[in-house]
Amino acid sequence: LLEYTHISSIIGKDNLIFTNISQPAARKKLNPLGTVHQQSVRHIPLEKACILDPFAPKPLTPNDKNKFDYIIFGGILGDHPMKARTKKELSRFCKTIPTRHLGKEQFPTDNAVYVAKEILEHHKTLTDLNYLDTLEIDIQEGESIILPFRYVLINNQPLLAPGFKEFLKKQKMVSTLLNVKVI
């Protein structure tokens, strides 16, 4: 929810569509952030759409600005190394929708949205932006969480959803109390 709230603040509620949200409670939480659909994006007719897929053959470039009205972000973050889940879950079913990539590294979805916006609205290229490819967040003395994803740097700081570090620290504390290993 932190990341989705961040995405909504980056591109605006009117520019954000959530799909495949079957649970009413989840739809209720997401509704203030954008338009919410129960069905998969595979079943919503979007004209001039593009799927961002890390395994796509071509990068997203400023020249794509007038080609696409919709950029579809898979939001399938977690596996490291990546397992091509966007292709398995989305691209292979949407063969008429072109694909693009943002490089070979995996971004958190809010960072991918930010990078795509910089490319399409501010005419930047992937090489115009600065990145951090692994983020280490201190949790407490002698403990940290390493996130093996690419983060865009703004003023030399990784782009993080507001409250993200605190959320991780709280999750770590809860998992420690429950004797659950955080992976």
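Is Y70 buried, partly exposed or exposed? Point 6 gives the answer.

1. **Ground rules.** This is a predicted model, where local features need pLDDT of at least 70, side-chain atom pairs count only at pLDDT 80 or more, and totals for chains, interfaces and linings use all residues. Residues are numbered from 1 along each chain as its sequence is written, and side-chain values use heavy atoms, with hydrogens and water left out.

2. **Overall build.** The protein chain has five helices and 10 strands. Both are DSSP runs numbered from the N terminus: helices are H or I with at least four residues, strands are E with at least two. The radius of gyration, taken over C-alpha atoms, is 17 Å, close to the 16 Å that the globule rule gives for 183 residues, so the chain is as compact as a globular protein of that length. That rule is 2.2 Å times the number of residues to the power 0.38. Along the principal axes, the C-alpha atoms fill a box of roughly 50 × 40 × 30 Å.

3. Buried residues make up 38% of the 183. Buried means under 20% relative accessible area, exposed means over 50%, and partly exposed lies in between (1.4 Å probe, protein chains only). The accessible surface, from the Shrake-Rupley method with a 1.4 Å probe, comes to about 11,600 Å². Carbon and sulfur atoms hold 51% of that surface.

4. **The largest core.** A nonpolar core is a set of buried Ala, Val, Leu, Ile, Met, Phe, Trp, Tyr and Cys residues joined through side-chain atoms within 4.5 Å. The largest has 23 residues. F18, L30, L60, L102, V115, I119 and V152 touch the most other members. The largest share, seven residues, comes from α4. Another core lies apart from it, with 11 residues, among them L135, I137, L147 and L168.

5. **V152 close up.** Contact means heavy atoms within 4.5 Å. Leaving aside neighbours within four places in sequence, V152 is in contact with N111, Y114, V115, L129, N130, Y131, Q157, P158 and L159.

6. **Back to Y70.** Y70 counts as partly exposed, at 33% relative accessibility. Y70 is found in strand β4 (residues 70-73). Leaving aside neighbours within four places in sequence, its contacts are I17, L46, E47, K48, A49 and C50. Y70 and C50 are 20 residues apart in sequence, yet 6.2 Å apart in space, C-alpha to C-alpha.
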